[in-house]
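Please read each one beside the structure.

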Amino acid sequence: MEVECGTIWNDCLEIIRKEVDEQNFNTWFKPIIPLRSEADVLTIQVPSQFFYEWLEEHYVPVLKKAVHGVLGASGRLEYSVIVDSGNHQNPPLMVNYPNGTGMKRNSGSQNQNGNGNLDDYSPFSFKALDPRTVNSRLNPSYSFDNFVEGDCNRLARSAGLAVAKKPGVTSFNPLMLYGGVGVGKTHLVQSIGNEIKKSLPDKIVLYVDQNDFTNQFLNALQNHKLQDFQNFYLQVDLLILDDVQFLSGREKTQEMFFHIFNQLHQSGKQIIMTSDCPPRDLKGFQERLLSRFKWGLTADLQEPDFETKLAIIHNKMESDGIEIPTEVAEYLAYSVDTNLRDMEGVLNSLMFHATLLKKEIDLELAKEVLKNIVKEIQSDVSVDFIQKTVADYFKVSLDSLKAKVKKREIVIPRQVAMYFCKRYTQLTLALIGENFGGRDHSTVIHALESVEDMMKADSNFKNSVDELSKKLKLRMVS
Ligand code: ADP
Ligand code: MG
């Protein structure tokens, strides 16, 4: 019997070899061991559930052709999947399927195969990872404590906290966080990872960005280590995949991720992903993967508003033991309007000046630092000039900008002028208010926020602001 099934399988391999390229042949067919053949059923042993699924996804026609070619039209194939490689004392634990239905996808059936305690096994623990020593690739400096909460990130943060308390148990699985550059996605997901490591030390936590994942996968593929690769991933209790959008167009990597995702999700493991856009806008992804992304909770992080930026600045400087005057913090919160990563650069540079060069942190130093980092701030432009340019542009009188008029046709130009004063001068909010008929600093903040909101909501308005901005900048560099 042994010999017979070996011969049958060898004949099958001859047919398969003609159908697939060498690399795939070596990866997917060589590791298969023929176990037995009874009547017209050939049973083959495959090293893992994943392996089985991959064959079923990709090679059913090839396998069919081979089995039918060797055993005749009624020939069928059964899989025996190793779910625990065992050792000398304990023989490998195996699960058979598809229980006679023949070459049909039968995923998830391992729990119904009579092995009552199968769930007790980690199916792929060939090389068991130790949660205490495994490298989680987390940066310990990211935590919930130093993640400032604001309207811009409230939902994402509380979902993150819920997941950190009960990974895999809430309905937030997967948790998909999205948002533009520097809105705090990496900070937040790393905080979740760090929190779980601290409070649930038996959990295996892994943070990878898309780039690491892809490179590891390609490396494994090249070196015929796919088994090791997925054995590793399937032992993880919390998988964080950062910047998933870059998997776009990478079909094989997506394929692998899809399988890992399914396995982890099925066994109640937590998955967290980040992306620069909502799943519906991700391009170059397989539909079935996108639909998985939407299973749990999708939450966005927005650009931080002025108050949150201010809190982030204070928070960061304080944690480094440096005091920053409010007017400097306000100036930075408004002037660095690209993203928080640039802000971090500016703050680091300020700290460098303050600690190593023993300079005092004041507006002058802040301005000097900004000059080197944010090109836009090149030189000063006066409040008068801004007010005049804006008044001309909107065809309103200069005096009305400074008066207490509350008509909409005046209010909007006035707010725009305030916005540019904050952006292009070093005046504090209070001083800007002074220049607009003695308004207080909260009125100025309100103006700045309104302008930003309107720019987001109304593209015509945004164009006007951009146009004005060009006029003002021309003056600055001349
Ligand atoms: P993303 O991954 O969304 O591009 P990051 O998480 O890398 O953004 O954030 C960029 C920088 O801004 C990091 O230094 C991060 O610590 C900081 N940051 C972002 N959001 C917050 C926040 N809410 N509180 C504190 N720091 C933040
Ligand atoms: Mg990031």
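At what angle do helix H8 and helix H9 pack, and how far apart are their axes?

1. Helix H8 (residues 226-233) packs against helix H9 (residues 251-266) at an angle of about 40°, and their axes are 10 Å apart. Axes are lines fitted to C-alpha atoms over the stretch in contact, with angles from 0 to 180 degrees between N-to-C directions; helices are DSSP runs of H or I with at least four residues, and strands are runs of E with at least two, numbered from the N terminus.

2. On the H8 side, Leu226, Phe229, Gln230 and Tyr233 meet Met256, Ile260 and Leu264 of H9 (contact means heavy atoms within 4.5 Å). This contact of H8 with H9 comprises 6 nonpolar residues, 1 polar and no charged, where Ala, Val, Leu, Ile, Met, Phe, Trp, Tyr, Cys and Pro count as nonpolar, Asp, Glu, Lys and Arg as charged, and the others, Gly among them, as polar.

3. The peptide bond from Asn173 to Pro174 is cis, with omega near 5°, and Pro174 lies in the loop between helix H5 (154-165) and strand S5 (175-178). His224, in the loop between helix H7 (210-222) and H8, has a positive phi, near 55°. Most residues other than glycine have a negative phi, and most peptide bonds are trans.

4. The model is predicted: local features need pLDDT of at least 70, side-chain atom pairs count only at pLDDT 80 or more, and totals for chains, interfaces and linings use all residues. Residues are numbered from 1 along each chain as its sequence is written, chains are lettered from A and ligands numbered from 1 in the order written, and side-chain values use heavy atoms, leaving out hydrogens and water.
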